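I opened the file to note strands, helices, loops and the ligand surroundings. The entries are kept in the order in which I looked things up.

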Amino acid sequence: MSVEVLQTVDVSSEEAKYLEDIYNSIDLNPYDNTEGFIKRCLVFSIPQTLVDATTKFQNDSEALMLLIRGLPVDHKLPGFPEFDRTIKNTFVSEGNEVLIGSLLGDVYSYKGERNGEIIRNIFPIESLKEEKSGAGSLVTLEFHCELAFHDIQPDYLSLMCLRGDENAITFIASVKEILSHMTPEEIEILRRPIFLSTTFPSYLLPWVNRPKPLIKGDDKTPKLVMSFRTNSVEEVGIEPLAKFRRLAAVVTKKFCLKKGEMIIFKNPQCAHARSPYQPKFDGNDRWIQQMYTHSDLSKVYDSEIIEKTRQQSGRAMIL
Ligand SMILES: O=C(O)CCC(=O)C(=O)O
Ligand SMILES: [Fe+2]
């Protein structure tokens, strides 16, 4: 059995050109009509490299991260808008996101996060430079997983790099590997429902502020529930949580994402973080696009509601 947590695949320049031509031939905006855009991509035969890499990644329980290099990126990238949705009018990078995501499952969004934007553009904003968020840059984004406060977490998180920054490092650590350095007593404490991960008021969900276990799932596939705000509501959890965070920084893999690279990882089985970096704020800074994929959304959420949002907004969106 392979124990390689990181798989890497290179898309050839011919395949990249082929993909770029597909995306550019589709006259739909993937932000507004994600489902339509995906369907139109799938009319073409998808490069075997991508099909094989995503299938292997999905089926290998030891694989946690997939780095895809050499993907096409839009030739002309505009400056950054005020907030979120870009003024892009070509959708090459978005094409990679939704196509590769749909090879792994259902791409979807949360209504409470940027009003359900399917792809979140992440770039530094000067007025928010000290903020602990994707828009912040001078501060560390500490180890976390996505949607820790929510009952439905994405199975995959993908980060597509449109423009890199040599000082911005993405850290991704295997939860299983972190736990292998902890004692059974400490792990037992991390499995108690005493860890609270709060969130933004835009998620008006009644169960959000309920303490949960930091670790769930069996020992073979431990799953993490941790944001960078998570704390222990009981004294006994404080040190094991701090140790978990310290160990994440020790066992982590480091990625300095470059243009045309996408890292996809199994969100609940990893803790991820980002280093601080110093942008120039000249419109040419680091630019990442982030997207969620679930292996099978209809298994965990009302399929009628999902279908309704697909019809109304062109994409699967949940509360
Ligand atoms: O910018 C990065 O490398 C990662 C940021 C992050 O945590 C995220 O997009 O979820
Ligand atoms: Fe994150």
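The entries below go from the sheet to other strands, the helices, the ligand and some loop residues.

I am working with a predicted model. I looked up an open sheet of four strands and read its order as β5-β14-β7-β12, with antiparallel pairing. β5 and β12 (253–255) are at the edges with a single partner strand each, so one side of each has no neighbour in the sheet. On average, neighbouring strands of this sheet are turned by 15 degrees against each other, direction ignored.

I then went through the pairs. β5 and β14 run antiparallel and are joined by two bridges. Across this pair I found Leu-141 opposite Arg-274 in β14. Between β7 and β14, also antiparallel, I noted five bridges, and Ser-174 stands opposite Cys-270 in β14. β7 pairs with β12 in the antiparallel sense over three bridges, with Phe-171 opposite Lys-254 in β12.

**Entry: strand β7**

How many of the five residues of β7 are buried? I find five of the five, so the strand is largely enclosed by the rest of the structure. Thr-170, Ile-172 and Ser-174 point one way from β7, while Phe-171 and Ala-173 point the other way.

Helix α7 (residues 235–251) lies across β5, β7 (170–174) and β14. Its direction is at about 110 degrees to β7.

**Entry: strand β13**

I turned to strand β13 (residues 262–266). Five of its five residues are buried, so β13 is largely enclosed by the rest of the structure. Met-262, Ile-264 and Lys-266 point one way, and Ile-263 and Phe-265 point the other way. I note that Lys-266 is buried along with the others.

I looked up two partners of β13. β2 pairs with β13 in the antiparallel sense over four bridges, and Met-65 has Phe-265 in β13 as its bridge partner. β6 is joined to β13 by five bridges, again antiparallel. Here the bridge partner of Met-160 is Met-262 in β13.

**Entry: helices α2 and α4**

Two packed helices are described by the angle between their axes and the distance between the axes. The axes of α2 (residues 34–42) and α4 (residues 92–104) come within 10 Å and cross at roughly 75 degrees. The two helices are therefore roughly perpendicular to each other. On the α2 side of the contact I list Thr-34, Phe-37, Ile-38 and Cys-41, and on the α4 side Gly-95, Val-98, Leu-99 and Ser-102. By class, this contact has five nonpolar residues, three polar and no charged.

**Entry: ligand 1**

Which residues surround ligand 1? I find Ile-122, Gly-134, Leu-141, Glu-146, Leu-159, Thr-170, His-272, Arg-274, Ile-288 and Gln-290. Sorted by class, the shell has four nonpolar, four polar and two charged residues. β14 (270–274) and β15 (287–294) each supply at least two residues of this shell.

Leu-141 and Arg-274, which stand opposite each other, both belong to the shell.

**Entry: loop residues**

Most residues other than glycine have a negative phi. I looked up two residues with a positive value. Leu-147 has a phi near 60 degrees and is found in the loop between β5 (141–144) and β6 (156–163). Leu-147 counts as buried because it has 22 C-beta neighbours inside 10 Å. Phe-281 has a phi near 55 degrees and is found in the loop between β14 and β15. With 15 C-beta neighbours inside 10 Å, Phe-281 counts as partly exposed.

Is Pro-78 buried or exposed? Pro-78 has 12 C-beta neighbours inside 10 Å and therefore counts as exposed. Pro-78 is found in the loop between β2 (65–69) and α4. From Pro-78 to Asn-89 I read 9.0 Å, C-alpha to C-alpha, across a sequence separation of 11 residues.

Key. Residues are numbered from 1 along each chain as its sequence is written. Chains are lettered from A and ligands numbered from 1 in the order in which they are written. This is a predicted model: local features need pLDDT of at least 70, side-chain atom pairs count only at pLDDT 80 or more; totals for chains, interfaces and linings use all residues. A residue is near a molecule or strand if its C-beta atom, placed from the backbone, lies within 6 Å of it. Ala, Val, Leu, Ile, Met, Phe, Trp, Tyr, Cys and Pro count as nonpolar, Asp, Glu, Lys and Arg as charged, and the others, Gly among them, as polar. Axes are lines fitted to C-alpha atoms, for helices over the stretch in contact, and angles run from 0 to 180 degrees between N-to-C directions. Angles under 35 degrees count as roughly parallel, over 145 as roughly antiparallel, 65 to 115 as roughly perpendicular and the rest as oblique. Two residues are in contact if their C-beta atoms, placed from the backbone, lie within 7 Å. A residue is buried if 20 or more other C-beta atoms lie within 10 Å of its own, exposed if 12 or fewer, and partly exposed in between; C-beta atoms are placed from the backbone. Two strands pair if DSSP finds at least two bridges between them.
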